[in-house]
Amino acid sequence: MYIYIQGTGCVSPQETAAGNALPAAVLPWEGPRLKAWEPDYKQWIDVKLIRRMSRVIKMGVAAAKLSLQEAGVEKPDAIITGTAYGCLDDTGVFLSKMINQQEEMLTPTAFIQSTHNTVAGQIALMLGCHGYNNTFVHKAFSFESALLDSMMILREGRLRSILTGAMDELTNHSFNILSRFDIYKKGPVTHEQLLKSDTHGTVAGEGAACFVLGTERGPNTKARLSGLTTLYKPGGKAEISADIDAFMAAHNCSQSEVSLFINGRNGDASGDEWYEHVENTIMAGKPVATFKHLCGEYPTAASFGMWMGCRILAEQQVPVAAMFKGEVPEKLEKILIYNQYKQTHHSLILLSVC
Amino acid sequence: MEKLMAALKAQIVEQLNLQEVKPEEIGDDQPLFKDGLGLDSIDALEIIVLLQQHYGIRIANPEQGPEIFHSVRTIAEFITAHQTAK
């Protein structure tokens with residue numbers, strides 16, 4: 001049974017929510033933090049609901065609405081999301097009030113909106129969707145877990161369309177805390193410099209990407225989701241090459257069939273060595289596109305990579321802003337997406353043209 | 001009473017994050033829920049907290065809620081009555 005991507009939607013530090021397409025040029029940024037470019041949410045969300053929503057909820061709902069619109073689906077059979085950090089902003093508001101007010105007179109809104117499954121719940125409420133609703137909070141495998149669950153459910157054959165996606169926000173608090181872990185660059189860096197960087201650290205990002213998955217190919221179908229796998233703490237670079245080899249073999253895809261290799265290079269020298277190794281071995285000679293200079297690094301960034309891969313296959317062109325090296329072939333048939341987070345959480349996604 | 005109602009309107013707009021509403025646009029006798037200002041049950045909880053925080057008032061009988069929270073004027077009257085009783 002094939003699984004098709006019927007619609008996509010994305011809110012990211014690029015203008016992806018405007019026109020639901022990958023812009024040809026990068027929206028310039030400077031510094032160690034990328035903030036989402038936010039559209040006017042009132043086009044999708046009632047003003048009475050917006051007032052209670054924090055940024056990540058609005059981003060998630062907007063991405064969901066965009067993907068549903070594109071797929072021509074009013075109400076999916078299930079909603080499955082992935083998030084590593086959940087609704088951080090409202091969690092901060094609630095915890096701050098709890099401390100400042102000595103656990104008394106706490107308002108309900110911040111608490112209700114602070115749980116990790118708020119986005120999936122909010123989408124379900126807005127759509128009147130009473131089907132399966134689940135949220136995966138599996139660190140940097142949150143998106144992949146949501147995707148895997150969606151694929152397994154669709155393969156059972158009981159549901160026809162599933163809205164799946166991932167969203168994570170960056171707040172001032174989370175950025176400051178994450179900065180202490182020494183994962184971001186210390187000096188100034190621009191979108192043009194990031195991928196050429198040979199120093200430690202990357203840039204922080206955020207965003208939401210949603211997909212409508214189904215088992216039937218329709219007029220709006222964007223791509224086929226051919227395969228997905230996750231690899232936790234692979235033993236070394238040779239092992240990742242072997243894993244990619246096995247993954248492709250399991251999905252009847254040879255190296256020569258891959259038209260484009262998309263990877264999660266993020267400017268962190270030691271992390272990028274993994275991508276370099278794959279580019280120089282199993283994907284040698286393949287054109288390479290990247291996406292972290294567009295969305296920044298965050299645990300569910302692979303969802304942005306998959307969104308970009310879908311758009312590339314649907315439009316049959318790779319934006320100049322995304323190309324890293326090589327020549328793009330005339331016809332794009334299969335795209336392999338390889339992403340890793342902090343060198344521990346590795347994932348592979350294989351997309352095919354429809 | 002007028003001063004109290006003006007203060008209440010500003011507090012309601014702020015506490016409920018009514019982005020599209022200015023305090024002076026809320027009528028003194030305008031129903032706050034359903035077809036009026038369109039508030040819902042979560043907002044009712046927020047207003048209960050607001051009364052506790054700003055006026056030190058706890059609503060002892062929840063059945064009084066619909067009557068007290070009907071409009072800004074009824075809330076103001078409830079606050080005044082409570083403060084007078086003290």
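Is Leu228(A) buried or exposed? In this predicted model, Leu228(A) is buried, because 23 other C-beta atoms lie within 10 Å; a residue counts as buried if 20 or more other C-beta atoms lie within 10 Å of its own, as exposed if 12 or fewer do, and as partly exposed in between, with C-beta atoms placed from the backbone. Leu228(A) is found in strand 6 of chain A, residues 223–232, where helices (H or I, at least four residues) and strands (E, at least two) are DSSP runs numbered from the N terminus. Leaving aside neighbours within four places in sequence, Leu228(A) is in contact with Glu144(A), Leu147(A), Leu148(A), Met151(A) and Ile349(A); two residues are in contact if their C-beta atoms, placed from the backbone, lie within 7 Å. Leu228(A) and Asp90(A), by comparison, are 138 residues apart in sequence and 32 Å apart in space, C-alpha to C-alpha.

**How to read the model**

Residues are numbered from 1 along each chain as its sequence is written, while chains are lettered from A and ligands numbered from 1 in the order in which they are written. Because the model is predicted, local features need pLDDT of at least 70 and side-chain atom pairs count only at pLDDT 80 or more, whereas totals for chains, interfaces and linings use all residues.

**The two domains of chain A**

Chain A is divided into domain 1, residues 4–214, and domain 2, residues 226–352, with bounds that come from an automatic or database domain assignment. The centres of these two domains of chain A, taken over C-alpha atoms, are separated by 22 Å, and 45 residues of domain 1 are in contact with 34 residues of domain 2.

On the side of domain 1 of chain A that touches domain 2, at least two residues each are supplied by strand 1 (4–11), helix 6 (142–156), strand 4 (161–168) and strand 5 (207–214). The largest share of this side, 6 residues, comes from helix 6 of chain A. By class, the side of domain 1 that touches domain 2 has 25 nonpolar, 15 polar and 5 charged residues, where Ala, Val, Leu, Ile, Met, Phe, Trp, Tyr, Cys and Pro count as nonpolar, Asp, Glu, Lys and Arg as charged, and the others, Gly among them, as polar.

**Loop residues of chain A**

Lys233(A) is placed in the loop between strand 6 and helix 8 (237–250) of chain A, and this residue is exposed, with 9 other C-beta atoms within 10 Å. The C-alpha atoms of Lys233(A) and Glu279(A), which are 46 residues apart along the chain, are separated by 19 Å.

Glu103(A), in the loop between helix 3 (88–100) and helix 4 of chain A, has a phi near 60 degrees, a positive value in a residue other than glycine, and Glu103(A) is exposed, with 9 other C-beta atoms within 10 Å. Lys342(A), in the loop between strand 10 (334–341) and strand 11 (345–352) of chain A, likewise has a positive phi, near 55 degrees, in a residue other than glycine, but Lys342(A) counts as partly exposed, with 14 C-beta neighbours inside 10 Å.

**Chain B and its helices**

Chain B has 4 helices and 0 strands, so that its elements run α-α-α-α from the N terminus on. The radius of gyration of chain B is 12 Å, close to the 12 Å that the globule rule gives for 86 residues, so chain B is as compact as a globular protein of that length; this radius is taken over C-alpha atoms, and the rule is 2.2 Å times the number of residues to the power 0.38. Along its principal axes the C-alpha trace of chain B spans about 35 × 25 × 20 Å, and buried residues make up 24% of the 86 residues in the chain.The axes of helix 1 (residues 2–15) and helix 4 (residues 72–85) of chain B come within 9 Å and cross at roughly 115 degrees, where axes are lines fitted to C-alpha atoms, for helices over the stretch in contact, and angles run from 0 to 180 degrees between N-to-C directions. By class, the contact of these two helices of chain B has 7 nonpolar, 1 polar and 2 charged residues.

**Where the chains meet**

The contact between the chains takes 12 residues from chain B and 9 residues from chain A, and the side of chain B that touches chain A divides into 5 nonpolar, 5 polar and 2 charged residues. Pro108(A), in helix 4 (residues 108–112) of chain A, is in contact with Ile42(B), Leu45(B) and Glu46(B), leaving aside neighbours within four places in sequence.
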